[in-house]
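Please read the notes below with the sequence and the model open side by side. They are numbered so that each can be checked on its own.

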Amino acid sequence: VVTYSFISPEMANSVLDQNQQVALQNPLASDLSVMRPSLIPGLISVVSRNLARQESRLRIFETGLNFSKDASSEIQQEPSLSALICGSQNPENWSEEIAEASFYDLKAELDALARLSGKSLEYQPQQELSYLHPGQSAKILVDDKEIGCIGAVHPQLLKEMDIGVATYVFEVALEALQQADLPGFVAPSKFPGVRRDIALLLDREISADQLIGEIKSIASELLTNIRLFDIYTGQGIDNNKKSVALGLTFRDSSRTLEEEEISLAVSDIVSGLEQRLDAQQR
């Protein structure tokens, strides 16, 4: 989609402090009097107009400039990419039940886009943006540098815009995804991989990224893949804990692995996580 570069002061205030906004001296209308500090307000307006026309399932994106003032009142223009989803996960059909799109559907799209650039994204909880739900939003980082945000649009903003469906958005600095490394070829191994599943009891506050990062730092080069396939909280689990199930795949490119090697590798990972994260194997 292509939306206006001008938005209302009310929408601008939900994104950026007033002293950082770029206001127009001679606006065409009062609701188009501020240069947009984010692409997200424009995308949300598109949702509102489409819902009024009985179009409730949207998958849209926009690239364009965001405008703001720095500490010296100089106007900054940053190329950005933003995307939004709402409505059902898939178009209506007879063969499957209708499921609503979620935060993780949009996150999967962003991760796939990042992989095209050879980037690995990191997500950290954030509470700072008033237009995103504080419990369902995150900062996006590349190499420890913040490049954007992702999350559910705040229910209060949805109510003000007369939007009755859960809506999810992300926005990233376009430059961060335009710099890519050329992929290198690695011949597939002729020898089979071996998978071992483990279940760990962890503090709720430990993120999946943190857990996987620790496993990679502990494990040897025999570990070729980590798949998180279950998270459980509830009956039988302390309220401050969660159970996380992981599939670990081990492979060597030159030979078939022995059972003793695999058992030792799993044992090293579990004991390392016990020391670093106070994890317990279930």
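1. Among contacts in the protein chain between residues at least 6 apart in sequence, 60% join residues at least 24 apart. Contact here means heavy atoms within 4.5 Å. This is a predicted model, in which local features need pLDDT of at least 70 and side-chain atom pairs count only at pLDDT 80 or more, while totals for chains, interfaces and linings use all residues. Residues are numbered from 1 along each chain as its sequence is written, and side-chain values use heavy atoms, with hydrogens and water left out.

2. Overall make-up. The protein chain has 7 helices and 13 strands. Helices (H or I, at least four residues) and strands (E, at least two) are DSSP runs, numbered from the N terminus. Taken along the principal axes, the C-alpha atoms fill a box of roughly 75 × 45 × 40 Å.

3. Surface and interior. Of the 282 residues in the protein chain, 40% are buried. Buried means under 20% relative accessible area, exposed over 50%, and partly exposed in between, with a 1.4 Å probe and protein chains only. The accessible surface of the protein chain comes to about 17000 Å², and carbon and sulfur atoms account for 48% of that surface. These areas come from the Shrake-Rupley method with a 1.4 Å probe; for residues, only the protein chains shown count as cover.

4. The largest nonpolar core. Which residues touch the most other members of this core? Among its 25 residues, they are Leu211, Leu246 and Phe250. Strand S10 (194-203), helix H6 (208-218), strand S11 (223-232), strand S12 (241-250) and helix H7 each give two or more residues to this core, and the largest share, 7 residues, comes from H7. A nonpolar core is a set of buried Ala, Val, Leu, Ile, Met, Phe, Trp, Tyr and Cys residues joined through side-chain atoms within 4.5 Å. In soluble globular proteins, nonpolar side chains tend to be buried together.

5. Leu211 and the second core. Neighbours within four places in sequence aside, Leu211 is in contact with Leu200, Leu202, Ile206, Val244, Leu246, Leu273 and Leu277. There is also a second, separate core of 23 residues, whose members include Leu43, Cys149, Val153 and Leu157.

6. Cysteines. The number of disulfides is 0, a disulfide being a pair of cysteine sulfur atoms within 2.5 Å.

7. Aromatic rings. The count is 1 aromatic pair. The ring centres of Phe103 and Tyr104 are 5.3 Å apart and their planes stand at 85°, so the pair is edge-to-face. Phe103 counts as buried, at 15% relative accessibility, whereas Tyr104 is exposed, at 61%.

8. Positive phi values. Asp143 has a phi near 55°, which is positive in a residue other than glycine. Asp143 sits in the loop between strand S7 (132-142) and strand S8 (145-153), and is exposed, with a relative accessible area of 68%. For Asp278, phi is near 60°, again a positive value in a residue other than glycine. Asp278 belongs to the loop between helix H7 (259-277) and strand S13 (280-281), and is partly exposed at 48%.

9. Val142. This residue is in strand S7 and is buried, with a relative accessible area of 10%. Leaving aside neighbours within four places in sequence, Val142 is in contact with Lys119, Ser120, Leu121 and Ile147. Val142 and Ser217 are 75 residues apart in sequence and 18 Å apart in space, C-alpha to C-alpha.

10. A sheet of 3 strands. This open sheet has the order S1-S3-S2, with antiparallel pairing. Two strands pair if DSSP finds at least two bridges between them. The edge strands, S1 (6-7) and S2 (22-23), each pair on one side only. S1 and S3 (residues 34-35) pair over 2 bridges, and Ile7 stands opposite Val34 in S3.

Terms used. Phe/Tyr/Trp six-rings, centres within 6.5 Å; stacked < 30°, edge-to-face > 60°.
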